[in-house]
Amino acid sequence: MSWQNPSALERQRILRETRTVAMVGASPNAARASNFVATYLLSSTDYEVWFVNPNATEILGRPVYPSLADCPGVPDLVDTFRRSEDLPGVLDEVLALGSGGDGVRTWWLQFGLWDEDLAAKAETAGLTVVMDRCLKVEHARFAGGLHLAGFDTGVISSRRRD
C-alpha cells in the first residue's frame, strides 16, 4: 500500500494544535503562492509565522530568516514551498531541529510536492507529514471558509434574482 496523507480529522487536529509555523521558501513576490498563503496566515489565524528564505530580508513587514536554524524557536509546523529536488535538504534542516515533543511536529508540503520516500524518513523520525495540500486551503476549510471540496461556501446559481 502506498503512503497516504493523514485523514481530514487528523489534519484538522494538526492545525488546531499548531501554534508556530515556519514557511520555508516564503517569497516577497506578491504573485507567488507562498506570499498569498503568508498573507492569509497573518490575517486569518493566530499562528506565529516565521519566514525562511536565504535571499530575502523582509516579507510583509516581517523579518526573514536564512534557515530554519535561525528562526527564533522551533516551529510546530514547517510549511514547505520549494522545488522537489530541494526537499531532501529541507527535511535535513527540519530533522536537525528535532521532532515530536519540543521539536517540529509536522512537515507540510504544498500543492505539487510529493515524495513517499522522504515522507517515510520523516515519519520514522517522529514527524507527521502532509503532502500535496495547501495549508491556507486546509485552514480555511476547517475554519468554515471553504466547502470540503475546497470551494467558497457562497451559493453560486445561474438563477436570476427575483
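This note sets out points on the helices, charged pairs, aromatic rings and cysteines of the structure above.

1. Basis. The model is predicted; local features need pLDDT of at least 70, side-chain atom pairs count only at pLDDT 80 or more, and totals for chains, interfaces and linings use all residues. Residues are numbered from 1 along each chain as its sequence is written, and side-chain values use heavy atoms, with hydrogens and water left out.

2. Helix H1. Helices (H or I, at least four residues) and strands (E, at least two) are DSSP runs numbered from the N terminus. Arg11, Ile14 and Leu15 are the buried residues of H1, where buried means under 20% relative accessible area, exposed over 50% and partly exposed in between (1.4 Å probe, protein chains only). They span an arc of only 95° around the axis, which places them on the same side of H1; the arc is that of the directions from the helix axis to the C-beta atoms. Leu9 and Arg16, on the other side of H1, are exposed.

3. Cover of H1. The elements that cover these buried residues include strand S5 (77-80), S6, strand S7 (128-130) and helix H5 (135-142), contact being heavy atoms within 4.5 Å.

4. Salt bridges. There are eight salt bridges, each a side-chain nitrogen of Lys or Arg within 4 Å of a carboxyl oxygen of Asp or Glu. One of them joins glutamate 138 to arginine 11, with the closest N and O atoms 2.6 Å apart. This pair links distant parts of the chain, helix H5 and helix H1, 127 residues apart.

5. Glutamate 138 is buried, with a relative accessible area of 1%, and arginine 141 is buried at 12% relative accessibility.

6. Aromatic pair. The whole structure holds one aromatic pair: tryptophan 3 and tryptophan 114, edge-to-face, 5.3 Å centre to centre with 75° between the planes. Rings of Phe, Tyr and Trp (its six-membered ring) pair if their centres lie within 6.5 Å; planes under 30 degrees apart count as stacked, over 60 as edge-to-face and the rest as tilted. Tryptophan 3 precedes helix H1 (8-17) and tryptophan 114 lies in the loop between strand S6 (106-109) and helix H4 (116-124), so the pair ties together parts 111 residues apart in sequence.

7. Cysteines. Cysteine 71 is buried at 9% relative accessibility, and cysteine 134 is buried at 7%. The count of disulfides (cysteine sulfur atoms within 2.5 Å) is zero.
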